[in-house]
Amino acid sequence: MYYFDHAASTPPHDEVIRTIAEVMAKHYANPSSLHRSGHEAGNLLERARSVIASAFRGTEPREWRFTSGGTESNNIAITGAARAYSKRGKHIITTAVEHPSVYDTCLALEREGFSVTILPVDSEGVVQVEALEQALTDETILVSVMHVNNETGAVQPIREIGSLLKHRRSTVFHVDGVQSVGKVPIDLQGCGIDLFSASAHKVNGPRGAGLLYVREGIVLEPLYHGGSQERGQRPGTENVAGIVAAAKAFRMAIESQPERTERMYALREQLLACIAEIPELIMNGSMDHTAGSAAPNIVNFSYPGMKPEVIVHMLEQHRILASTKSACSSKSDDPSRVLLAMGASRERASSGIRISFGDEHGATELEWLCQMLRMVVQKLKPLERKE
């Protein structure tokens with residue numbers, strides 16, 4: 001089977017699986033318990049926190065919170081910051097292409113009485129820093145911009161945005177980094193990021209384990225109550241085995257990121273050349289990654305006039321697993337909100353296909369994918385919907 005859906009979830013490393021099994025078997029005590037077994041489990045948690053801080057250079061262990069994943073991290077960060085700083089102002093800025101866990105959370109806060117500005121993006125899915133600057137007001141307390149888009153792989157100008165915001169002490173900068181860890185370089189300190197979300201199952205780690213970076217001095221109002229774990233921001237008994245395994249996965253992903261990025265950009269070029277040779281397919285997003293506007297591992301294209309699930313199912317018959325849009329929205333028949341925001345027609349936005357690579361892929365796997373794409377398009381061409 002050729003698994004090209006790494007943006008949705010990744011196969012866990014063998015080392016990660018072994019770590020989970022070992023910790024579950026030996027360290028099953030509650031890390032909050034006072035006895036020795038509880039103390040040992042608690043030590044494992046703090047060791048994992050130190051591993052994370054070392055991997056994300058310039059951060060401190062006390063600045064990291066363990067969560068259940070990217071969606072929860074985004075909710076805790078955005079809602080927690082908005083409510084904590086609401087006396088300063090009630091204006092939030094985000095973009096039209098955010099993951100639902102950011103986009104919908106901002107809309108929920110709007111219903112609470114916050115003012116939300118949703119910035120447009122260009123045809124490549126990138127927000128303009130000048131537009132963000134113009135949207136800032138004295139009431140702006142939070143800016144949330146993703147690093148890498150989960151549907152198209154568009155890379156947002158995080159460093160430039162952080163530079164713009166660094167002198168605005170009343171504005172908190174949140175970045176959804178779920179799709180960027182291990183794929184593109186990340187410098188939390190250099191980019192002036194106050195809050196950063198990540199998810200282990202996007203980096204060959206376990207599901208149900210995520211990260212939230214909270215820069216020292218940033219206050220979040222708790223969403224949950226009932227315990228003091230994770231500095232009161234994520235109460236409940238910690239998933240020790242998942243957290244320890246997640247720390248290992250994040251460390252491995254960040255250490256191997258430069259090599260992975262170089263190799264995956266070569267695969268991306270191979271796939272883009274294939275798409276360019278198939279007239280029925282239209283590339284969504286940047287064709288050129290040299291300016292840093294596209295991640296190496298995600299390619300999105302459309303077949304206007306054809307339902308994307310038909311293509312996905314036909315590819316699966318030939319052992320290729322791909323997806324349509326984000327996994328959170330893939331069962332919806334609505335056009336992609338991200339592609340619409342990029343200026344795509346409704347027909348084009350309704351027919352997007354996402355291919356996302358992993359460590360197991362090389363030129364041979366990409367060539368098979370290209371052969372099957374050509375074959376599928378030839379079979380489907382007589383069935384195109386005509387306007």
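Trainee: Is Glu 72 buried or exposed?

Mentor: This is a predicted model, in which local features need pLDDT of at least 70 and side-chain atom pairs count only at pLDDT 80 or more, while totals for chains, interfaces and linings use all residues. Residues are numbered from 1 along each chain as its sequence is written, and side-chain values use heavy atoms, with hydrogens and water left out. Buried means under 20% relative accessible area, exposed over 50%, and partly exposed in between (1.4 Å probe, protein chains only). Glu 72 has a relative accessibility of 11%, so Glu 72 counts as buried.

Trainee: Which residue meets Glu 72 in a salt bridge?

Mentor: A salt bridge is a side-chain nitrogen of Lys or Arg within 4 Å of a carboxyl oxygen of Asp or Glu. For Glu 72 the N to O distance is 2.9 Å, and the partner is Arg 234.

Trainee: How many residues apart in sequence are the parts that Arg 234 and Glu 72 tie together?

Mentor: Helices (H or I, at least four residues) and strands (E, at least two) are DSSP runs, numbered from the N terminus. Arg 234 lies in the loop between strand E8 (210-214) and helix H7 (240-255), whereas Glu 72 lies in helix H3 (residues 70-84). The pair therefore ties together parts whose separation in sequence is 162 residues.

Trainee: In which helix do Arg 36 and Glu 40 both lie?

Mentor: Their side chains meet in a salt bridge, at 4.0 Å from N to O. Arg 36 and Glu 40 are 4 residues apart, about one turn of the helix, and both lie in helix H2.
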